[in-house]
Amino acid sequence: MTSKNHTLSGLLALGIALSSTAMAAEPVTPKLTETLDLLLRQEMRSIQAAMGQIHSAIVMGQHDDVANQAQQVHDSFILKQSLTQKDREDLRAAVPDGFLQMDQEFHELAAALAKAGRNKDTGNEYRIFNQMTRNCVECHNTYVSDRFPDLGAL
């Protein structure tokens, strides 16, 4: 086996191990305070609405709408909201690092989508939107499976 193939095999094994670990994650919902649960639900509803509008804007070539909606999604990042110090501590205690990492990645993708919209780059808009959707499914499947029990892995 070549070094390149060995490295690829190792990365594949690591990916499978990480996927198995992520799939076994305990839902975070029961660990959230009432305040955090409310904030996350509000953020998810606004993201859901924006994602629908973004999809429509992509297929109609409305790049400014893609950019504006994606920027709003980026700016809704829960850690940037006006959380009290206690809320921040409660959030850190309630969710694993993987949850926060997926949330951060999602909002970074939203920033990239806003840029693609400003650049009128339909191909990148489409690709990034699909990555964002995959991120949503993975996060919901891993961390809120109690709310979405019929959601299967990708």
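Predicted model: local features only at pLDDT ≥ 70, side-chain atom pairs only at ≥ 80, totals over all residues.
Confidence comes before the details. The protein chain has a mean pLDDT of 83, with 81% of its residues at 70 or more. Helix 6, residues 122–143, has the highest confidence, at a mean of 96, while helix 1, residues 3–23, has the lowest, at 38. The pLDDT stays below 50 over residues 1–22, and this stretch has three contacts in the model beyond near neighbours in sequence.

Next comes the packing of two helices. Helix 2 (residues 34–59) packs with helix 5 (residues 97–118) at an angle of about 35°, and their axes are 14 Å apart. Their crossing is left-handed. On the helix 2 side the contact is made by Leu40, Glu43, Ile47, Met51 and Ile54, and on the helix 5 side by Phe99, Asp103, Phe106, His107 and Leu113. Of the residues in this contact, seven are nonpolar, one is polar and two are charged.

Side chains of opposite charge can pair when their charged atoms come close. The structure holds five salt bridges. In one of them aspartate 37 pairs with arginine 41, with the closest N and O atoms 3.0 Å apart. Both residues lie in helix 2, four residues apart, about one turn of the helix. Aspartate 37 has a relative accessible area of 18%, so it counts as buried, whereas arginine 41, at 36%, counts as partly exposed.

Aspartate 37 has another salt bridge, to arginine 147, and here the closest N and O atoms are 2.5 Å apart. This pair links distant parts of the chain, 110 residues apart, since arginine 147 is in the segment after helix 6. Arginine 147 is partly exposed, with a relative accessible area of 31%.

A further salt bridge joins the side chains of lysine 86 and aspartate 90, at 2.8 Å from N to O. Both lie in helix 4 (residues 85–94), four residues apart, or about one turn of the helix. Lysine 86 is exposed at 52% relative accessibility, and aspartate 90 is buried at 17%. Through shared partners, salt bridges join Asp37, Arg41 and Arg147 into one network.

The last stop is the loop between helix 5 and helix 6, where lysine 120 is placed. Most residues other than glycine have a negative phi. Lysine 120 has a positive phi, near 55°. At 51% relative accessibility, lysine 120 counts as exposed, because the cut-off for that class is over 50%.

Key. Residues numbered from 1 in each chain as written. Heavy atoms only, no water. pLDDT = per-residue confidence, 0-100. Contact = heavy atoms within 4.5 Å. Axes fitted to C-alpha atoms, helices over the stretch in contact; angles between N-to-C directions. Left-handed = near helix turned anticlockwise from the far one by under 90°. Nonpolar A, V, L, I, M, F, W, Y, C, P; charged D, E, K, R; others polar. Buried < 20%, exposed > 50% of the residue type's maximum accessible area, 1.4 Å probe, protein only. Salt bridge = Lys/Arg side-chain N within 4 Å of Asp/Glu carboxyl O.
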